[in-house]
Structure formats: structure tokens, C-alpha cells
Amino acid sequence: MVQVDARDVQIAQLEEENARLREENRRLKERLGLNSSNSSKPPSSDAPGTPRQHKRPTGRRAGGQPGHKKHERVLLPPEQVQHVVELVPKECKDCGRRLAGRDVEPRRHQVVEVPPLSAIVTEYRSHALKCGACGTVTREQVPAHASSAFGDRLGALASLLVGKYRLSKRLVKDALSDMVGVKLSVGSVVNLEGEMAEALAPAVHEASEYVRESERVHADETGWVEGREEGRGQRAWLWLVATALVAVFHIARSRGGKVARALLGEDFAGILVSDRWSGYEWYDAGLRQVCWAHLTRDFQGFIDRGGKGGQLGEELMHQRNRFFTWYHQVKEGSLPREDFEKRMPEVEGEVGQLLRRAAVCAEKKTAGMAREMLRWEKCLWTFVDVPELEPTNNFGERCLRHAVMYRKTSFGTQGPEGSRFVERILTTVTTLKLQRRGVLDFLTDTLQAHRRGLSTPSLLPTQALVQLSNAA
């Protein structure tokens, strides 16, 4: 009897261990199956051979389609040409007879060259003169705007190479030496970054106020590293809030809702497009649009996990594909907006029913994700009622992509001072790209005005640019 009891205890222990190992094996298999199509992992993390989601074939050949607008190099007008070489034939290529006269409209071909680059050095000579009356020696001081050893455009170029071209400080030092023959240290690059961060502060503050007053804002965040402690990088986050023409970045040690509130402002009343991250749940659900690109990955996760949840995931993906087809037809002009709005209630009802079934019948993880989606069900369909509102946060993620690539090569920042430079230069570079404005001239003018105590240029778009963006 004692032996039987001992075997029963042992069997119970083995069954418990077997259940634990099976669950651990399931979790490990699930982690191995994660990729960019069914989770938030970036495509660059996918293993070789990972199957991709391919778009349905359209039947069109690859490359430019018949009738598409050509992208050819535009010739500069004659007044912007420095040198002209007239190529006039002297004799006929067939009979050799001598030719005379000039072509009224010769074919133009332009070759663009860069002149040898060299720095322009200005030397300030501070003279000291002795007063003949009292004997005091007075030396004329260097102007405040010239106190730095590096001029306005050179300082702007150093910041541009870091903020737009993502060069390390050491590579910036080497690039300036190779291109213009300027010798400077890594410490000098750091000092120029600090000065540029201070110079950009007013423009970035003004841009932040502009975003807070906007009608539609895309928000996103990604991991960052700020500083080191005991050899380990300290966790931080890079936040983004962006409109069609202005993007503002901010680095914080928190991923909580307080940061989002501070960026958007307590009085923000526009429509917010974001993912389902809890940092945005404080905002009115009726004014939010949850990103359908994230939902698409989640539905693919349902499918990949299989079981009852996988079947429901297939049906959810079918509904998603239905309305996205209509949505693109509306954008192309082949489907009236009114017809799209009439069709959507059926899809909304089907998606709601499928999510409710998944929350009850699906496997544990799938059911939990379905319940979370149902919490934000109202936020799924805001784009149906608001014309021109995107159903995804792809615009925000595109704005953030440059910063993510910067992070991968720079490994973050060493402290708050470096973070202020990064967030301000990223704000400037991204905003000017959205507005199709030149970055180097803007940075040069900003540093020049800052050093002379003048008002710095603005990052805000002109009214004409806003109207053009709204019409696009």
C-alpha cells in the first residue's frame, strides 16, 4: 500500500512536470515563430528564409507603367550657368562642305562639378593700446558672435552630418578634415552640438505648440538609451508627435502617459492616431484612431498560433482585406466616399462579433489580445467617419524610421545634454524634410542669429504650404 501511494505521488509529480515542460515548449515555439508579420519585431530581425506577406499580383510588369511621369534631370536656366562651351560643326558630316551660321535652339547638355573645397579663415587681431594719460592698457575684444573657433556654416555642417547623415562624432571630425581641410577634435564636435541645441530651442518650442493646436496628430515611441550605469545602458524612450508638416521628437526616461500628455498638452482636442499602447489611453476614445497595421500583425499572430483562434484570425483578416480594398478604391477615386461609408457598418459588425468569439473561445493569449482590442473597439473605426483620416499610423512610423536607424548606429546618448541635441536636430531635419526645405541653410541661419542675439528662423510651415498640403 505504501508503494502504491509513493507511485501515485511520483506520477502526480511527473504529470505536473510534464505539463510545465509542455507549456514551456509551447512558449518557446511561439517565440521562435515571431517575426515582423505577426508581431512588432522589425523586418531586419527576421531570420533568413522567413516567409513574407506578398501583395496580390496586379498583372502589371515591374517598373514604370505606361504613361507615368518621367523623373528626368532638369536643366538649370542659362543665368545659373557659369561656363558655356559652344559646339558648332565646321563641315558637313556627309559631303564635307564648310558650314556657316549658328543653331537658334542648340541641344543643351550640362555637366555639374564641385569646385575644390577649402575653408575660409578669418583672423581677428585684438590690438592693445596704452592710454597716454593714465597708462591703462585697453585691448579690443573679439565680437561675441566670433568667440567660437568655427563659423556659422561650419557649425551647421557638423550638426547636419550628425542629425541627417547619422555620422558618429569621430566620423564628423574625419569628414570635415577630408572635405574642407578643417582640423577639429571630437570635443569640438560635441561643443558645436551643444551650441546648436541651444540655438534650435526656440524653433522647436514653437513647433511643439503648433502640434498641440493641430487637428490631427500621429504619435509613436521607440526604445532609446540615455547614459550608462555600471556598464549598462539606461532605458529611455524616444517619443514622436507629428502632423503632416511638423514632427516633434522628445527623449524621456518614461514610456508612461504623462509624457504623451506633456507632448500633446492638456488642451489637445484633435484626432490622435497611434497604436494600442496604454500610454495613450487617457485620451478620449472618440477622438482616437488605432493603427490597423498593428492590428493586421496581431491577426496574423492569431493565425500563426493556430487552433480556434487561428480560424477566427483568418476570418478577421478577410474582413480587414475587404475594407482596405474599398479604402484604396476611395483614394484612387474609383469608389465614392458615400458608398464606402454605407458598406462599412457590415464589416464593423462582423469584426466586433469575431473579436467577441475569440475573447471567449480562443486560446489564452489570443483571447487576451481579443479582449484588449475590444476595449478600443470605438477607436478602430474613426477613419470611417472622418474623411482623409488614415486608418494606420504608417506616417508616424515613417517619421520615426530615421531616428531608429540613428539609434542603431549611435547606441543612444550619454546624458540629458546629448538627448536635447538629438531630439532637436531630429525635429528640425524631419520637419524640414516634410516641408521640402533646405536643412543646411536653415541650420546656418539659426546658428548665425543665435550668436548675434537675433530671432532665429521658424520651423512652422507657411500658409501657402499648409493649403497645398490640405489639398493634396
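## Nonpolar cores

In this predicted model, the largest nonpolar core comprises 65 residues, of which Leu176, Leu238, Trp239, Val241, Phe249 and Leu443 touch the most other members. A nonpolar core is here a set of buried Ala, Val, Leu, Ile, Met, Phe, Trp, Tyr and Cys residues joined through side-chain atoms within 4.5 Å. Buried denotes a relative accessible area under 20%, exposed one over 50%, and partly exposed the range in between, with a 1.4 Å probe and protein chains only. Helix 4 (residues 186-212) gives the most to this core, contributing ten residues. Another core lies apart from it and has 37 residues, including Trp292, Leu295, Ala362 and Met373.

Leucine 176 touches Leu154, Leu157, Ala158, Leu161, Gly181, Val182 and Leu184, with residues up to four places away in sequence not counted. Contact means heavy atoms within 4.5 Å. Helices (H or I, at least four residues) and strands (E, at least two) are DSSP runs, numbered from the N terminus.

## Basis of the values

Residues are numbered from 1 along each chain as its sequence is written, and side-chain values use heavy atoms, with hydrogens and water left out. Because the model is predicted, local features need pLDDT of at least 70 and side-chain atom pairs count only at pLDDT 80 or more, while totals for chains, interfaces and linings use all residues.

## Strand pairing

Strand 3 (residues 216-229) is mostly covered, with ten of its 14 residues buried. Strand 3 runs parallel to strand 6 (residues 271-274), to which three bridges join it; there, valine 217 has leucine 272 as its bridge partner. Strand 3 is also joined to strand 4 (residues 232-242), in this case by ten bridges and in antiparallel orientation. Within this pairing, arginine 235 of strand 4 is the bridge partner of valine 225. Two strands are taken to pair if DSSP finds at least two bridges between them. The hairpin of strand 3 and strand 4 has two residues between the strands, and glutamate 230 takes a positive phi near 55° in it.

Strand 4 and strand 5 are antiparallel and joined by six bridges. They form a hairpin with four residues between them, and leucine 240 stands opposite phenylalanine 249 in strand 5. Strand 5 (residues 247-252) is largely enclosed by the rest of the structure, because five of its six residues are buried. Phe249 is also among the core residues that touch the most other members.

## Salt bridges

The structure holds 19 salt bridges, each defined as a side-chain nitrogen of Lys or Arg within 4 Å of a carboxyl oxygen of Asp or Glu. In one of them, aspartate 152 pairs with arginine 452, and the closest N and O atoms are 3.2 Å apart. Aspartate 152 belongs to helix 2 (residues 152-163) and arginine 452 to the loop between helix 13 (439-451) and helix 14 (463-471), so the pair ties together parts that are 300 residues apart in sequence. Aspartate 152 is buried, at a relative accessible area of 12%, whereas arginine 452 is partly exposed at 35% relative accessibility. A network of salt bridges links Asp152, Glu195, Arg451 and Arg452.

A second salt bridge joins the side chains of arginine 253 and glutamate 226, at 3.5 Å from N to O. This pair links distant parts of the chain, 27 residues apart: arginine 253 is in the loop between strand 5 and helix 5 (257-264), and glutamate 226 is in strand 3. Arginine 253 is partly exposed at 46% relative accessibility, while glutamate 226 is buried, with a relative accessible area of 8%. A further salt bridge connects arginine 322 and glutamate 346, the closest N and O atoms being 3.7 Å apart. Arginine 322 lies in helix 7 (residues 307-332) and glutamate 346 in helix 8 (residues 337-361), 24 residues apart. Arginine 322 is partly exposed, at 22% relative accessibility.

Threonine 296, in helix 6 (residues 292-305), is buried with a relative accessible area of 9%. A polar atom of its side chain lies 2.7 Å from the backbone oxygen of tryptophan 292. Beyond neighbours within four places in sequence, threonine 296 is in contact with Met317 and Arg320.

Valine 180 is found in helix 3 (residues 169-180). The C-alpha atoms of valine 180 and proline 143 are separated by 25 Å, and the two residues are 37 residues apart along the chain.

Technical notes:
A polar contact is a pair of N or O atoms within 3.5 Å; within protein, one must be able to donate a hydrogen and the other to accept it, and residues adjacent in sequence count only if both atoms are side-chain atoms.
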